[in-house]
Amino acid sequence: MEKSDTVHIYTDGACSGNPGPGGWGSVLLFNGHRRELSGGAAGTTNNRMELQAVIGAMEALKRPCEVTIYTDSVYVMKGMLEWLPQWKKRNWRTAGKQAVKNVELWQRLEQVLSQHEVTWRWVKGHSGVPENERADELARLAIPR
C-alpha cells in the first residue's frame, strides 16, 4: 500500500518535428496539492523532452521523498530500469559500442533521482488518464512557436 505522503508525478514530452522545437510538461500531486511545470527548447527531440519532463519535476522537489513517476515513455522507463546499469558498466556506451544519446540528461536524471525512493509506472499515452493528458497538453503548449 502506498503511503499518502508519496509524490505522484505525471510527465510527458512533445516535439514538432523530431528533431525540432519541443516542450515538456509535468503534473505533481502531493497530499491534496497540485503543481504544474513545463518548458521548451527550440531544437530538440521527443526523447530529450521526455527526459526533461522527469528532470524538471524531480528538481522541483525540496526534500527527499517517496515518488511515483507515471510516464508514457518506454525510452525513459527502460533507460532507467534496464539500460542505465549496463551503459555505466560500458562507460556510457551502448551494447553496439555507440555513445549513449542524451548522456548528459541521463546523468542529470540519475543524480536527481538518487536522493528519492522512486517507483516507475508506465501509462499508455492518450488513454484518458487526466494527469497524463494534462502533462501532454502542458508539453504541447510549451513548444516554442
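What volume does the largest pocket have? In this predicted model, the largest pocket has a volume of about 250 Å³. Local features are described here at pLDDT of at least 70 and side-chain atom pairs at pLDDT 80 or more, while totals for chains, interfaces and linings use all residues of the predicted model. Residues are numbered from 1 along each chain as its sequence is written, and side-chain values use heavy atoms, with hydrogens and water left out.

A pocket is an open set of points on a 1 Å grid over the protein atoms alone, where a 1.4 Å probe fits and protein lies on both sides within 12 Å along at least five of seven lines; its lining residues have an atom within 4 Å of a point. The volume is the space filled by probe spheres set on the points, which are joined across faces, edges and corners. The lining consists of Val7, Leu28, Leu29, Phe30, His33, Arg34, Arg35, Ala60, Leu61, Lys62, Arg63 and Cys65. Strands E2 (20–30) and E3 (33–44) each contribute at least two residues to this lining; strands (E, at least two residues) and helices (H or I, at least four) are DSSP runs, numbered from the N terminus. Seven lining residues are nonpolar, one is polar and four are charged, where Ala, Val, Leu, Ile, Met, Phe, Trp, Tyr, Cys and Pro count as nonpolar, Asp, Glu, Lys and Arg as charged, and the others, Gly among them, as polar.

Attention now turns to valine 67, found in strand E4 (residues 66–71). Valine 67 counts as buried, at 1% relative accessibility; buried means under 20% relative accessible area, exposed over 50%, and partly exposed in between (1.4 Å probe, protein chains only). Beyond neighbours within four places in sequence, valine 67 is in contact with Thr6, Val7, Ile9, Met58, Leu61, His116, Glu117, Val118 and Thr119, contact meaning heavy atoms within 4.5 Å.

The axes of H2 (residues 74–89) and H3 (residues 103–113) come within 11 Å and cross at roughly 100°, so H2 is roughly perpendicular to H3. Axes are lines fitted to C-alpha atoms, for helices over the stretch in contact, with angles running from 0 to 180 degrees between N-to-C directions. Angles of 65 to 115 degrees count as roughly perpendicular, those under 35 as roughly parallel, those over 145 as roughly antiparallel and the rest as oblique. Tyr75, Val76, Gly79, Met80, Leu84, Trp87 and Lys88 of H2 meet Trp106, Leu109, Glu110 and Leu113 of H3.

Some backbone details complete the account. The peptide bond from asparagine 18 to proline 19 is cis, with omega near 15°, and proline 19 sits in the loop between strand E1 (7–15) and E2. Asparagine 31, in the loop between E2 and E3, has a positive phi of about 50° although it is not a glycine, and is exposed, with a relative accessible area of 56%. Histidine 126 has a positive phi of about 55° and is exposed at 59% relative accessibility.
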